[in-house]
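Biologist: I have a model open and would like to learn how to read its packing. Could you walk me through it?

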Amino acid sequence: MDFDLIIIGAGHAGIEAANIAAKKSISILLITNNLDLIGQMSCNPAIGGIAKGNIVREIDALGGLMGRLIDRTGIHFRMLNRSKGAAVWGPRAQADKVAYRALAKAELEKHKTLFMLQGMVKRILVKGEVVSGVEMDSGAIISSGAIVLATGTFLNGLIHIGLKSHPAGRNGEPPATGLTESVAGLGIKTGRLKTGTSPRIDGRTVAYELLEAQPGDDKPSPFSFSTSEPLHNSAVCWITKTNSLTHSIIKENLDQSPLYTGKIKSTGPRYCPSIEDKVVRFGERDGHVLFLEPESCCNSELYLNGLSTSLPFDVQRQLIQSVRGLENARILRPGYGIEYDYFPPVQLRNTLESRTIQRLFFAGQINGTSGYEEAACQGLVAGINAVQSLRGDPVFTLGRESSYIGVLIDDLVTRGTDEPYRMFTSRAEYRLRLRQDNCDERLMPLASKLGLIGQEPYDRCRRAWEVKARAREELRSVRIEPEKWRTIFDGELLQPAKAFELLKRPEVTLEKLMQCGVFRDLPESAELRFSLECDVKYSGFLSREDAVVKRSALLENANIPETFDYRNVKGLLTESLQKLNIVRPLSLGQASRISGVTPADISLLALYILKNKPQTPDGSRETATTIEERETT
């Protein structure tokens, strides 16, 4: 069996890698230990959220699958952070997890050159420093030109419920053994992380009349730019909270917690702590909010969001039944903690290819991230670059100024992580331009150039951008008279003013402004109007950001050969020298973002590179890329 590309793991990273690579008509084998659980939601049954929702829309703009999957299987849609500025709004949806994984598999099966195999990979095979295939646990050898490793939490996974533990990749599924050791044998360093999940309870045993209902939005916003049909909410989420009795039960049983007895030694997610952590670290609080989220419309399971725990089963039952509305609740699946192997991502290029072994790509939780969305976008980038490497085409990378995906990958490969990484809007220095409403304008041209999206959907979006551009110019030309202004707004307008400038005011909305003047070119689409309004309101800030981006581009374009010897740069701090040698940055911009490398060190490095650029025969200076190519040859 010979394939161009093998993808190991069919979670959210594996799905995106397989889908995007299959668009290039190469032969692909997707290997997973259970073909019925492709796209399984191991933790909460939801997609999106603050910053995460932006990533999903970016994936969609680049030709990915996640946005379309959640639009078609979502049962409860909400736009988060509406009380704040539009730059930090985030779409989120509860998924029917049963329907989601069925649809994910069906979509993958549409690709004629994509094949699937149920089984376990035991060993990565290489020839020299290039991957050549895999060895299965059955002993079968399968050849390939490239590999994407996307195994999630399965590598030597160990589940903890109380002081008892057992090997598993997810509860009820076996772990992947031998694969970590195979990768480590190639000279790639490994580490250990921990995450956890909440109990699932029987919705028929919940007293809903004692809970607060959380309905979805009246007019849900889609994730995918190709979704044209209206979305509908078919489920309600519910809110309750823990109390002093819950907390006392937890405190009395900390001696049975694997977290607090030292049984779990790995680092867990800082921003998604267990309920044990919340009670111990925030003991002054009288309660912690819990969200009861439906898992599917075809069963009665509820996910207890906010109650991640690895306490014993009987203790989980006690603490759940101490919560208002859950006095008679029955557990269907207990919560648990899980430890698993990962590979510190500073060992990767920003294409997600290994620096050690060519055409071996890493994506998802094995790179130290948490969350379906973070995994999916890595799978997308790894899948694109696996194809590019097979064809000898230029690599595909995204900058921090272009996308949250670019921020995430740069953070991973430049700074690394020793705890599960989660995306937040605060991680993006250019978040005013990385809004969820403009992902199509930012990324679709790149996807179209690579042939990752069809011409018809791209032309449709391009026509919408043209409509928005004309509307923006009209706002610059239409003047609002003070008399008309006073009939709509409370504030005084002393003289006629351009509509564009007035729309920058916080209290002015496009809908109200339209009542003050005659407009001919404003878009009919509510989504386009919202995006137009955001563009105008943030225009002043974006202009200043543009200047910062241009200055940063000078550093980003100053390439550093991967074989560069930092010992030649006199005066570098020892810590900086060590970290530069570990990360091997490809530009001065990336070097400047390495934790512990000082601005003074960057100046020394820049001066050295500039001074030592050799001249080409025509008298000009060679670029760092040219130097690297010559030295490699």
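Biologist: Which residues of α2 meet α3?

Modeller: Helices here are DSSP runs of H or I with at least four residues, numbered from the N terminus, and contact means heavy atoms within 4.5 Å. On the α2 side we find V56, I59 and D60, and they meet M66, G67 and R68 of α3. By class, the residues of this contact are three nonpolar, one polar and two charged. The classes put Ala, Val, Leu, Ile, Met, Phe, Trp, Tyr, Cys and Pro under nonpolar, Asp, Glu, Lys and Arg under charged, and the others, Gly among them, under polar.

One caution: this is a predicted model, where local features need pLDDT of at least 70, side-chain atom pairs count only at pLDDT 80 or more, and totals for chains, interfaces and linings use all residues. Residues are numbered from 1 along each chain as its sequence is written, and side-chain values use heavy atoms, leaving out hydrogens and water.

Biologist: At what angle do α2 and α3 pack?

Modeller: Axes are lines fitted to C-alpha atoms, for helices over the stretch in contact, and angles run from 0 to 180 degrees between N-to-C directions. Helix α2 (residues 52-61) and helix α3 (residues 66-73) pack at about 115 degrees, with axes 7 Å apart. The two are therefore roughly perpendicular, a label for angles of 65 to 115 degrees.

Biologist: How many residues of α3 are buried?

Modeller: Buried means under 20% relative accessible area and exposed over 50%, with partly exposed in between (1.4 Å probe, protein chains only). In α3, six of its eight residues are buried, among them L69, I70 and T73.

Biologist: Which side of α18 is buried, and which residues are exposed?

Modeller: In helix α18 (residues 574-583), the buried residues are S576, L580 and V583. Seen down the axis, they fall within an arc of 75 degrees, so they line one face of the helix; the arc is taken from the directions from the helix axis to the C-beta atoms. That face packs against α10 (404-415), α19 (588-592) and α20 (599-611). On the other side, T574 and I582 are exposed. After α18 comes R584, with a positive phi near 50 degrees.

Biologist: What does S310 touch?

Modeller: S310 sits in the loop between β17 (301-305) and α8 (313-321), and is buried at 2% relative accessible area. Beyond its neighbours within four places in sequence, its contacts include H160, P258, E276 and Y336.

Definitions and conventions:
Angles under 35 degrees count as roughly parallel, over 145 as roughly antiparallel, 65 to 115 as roughly perpendicular and the rest as oblique.
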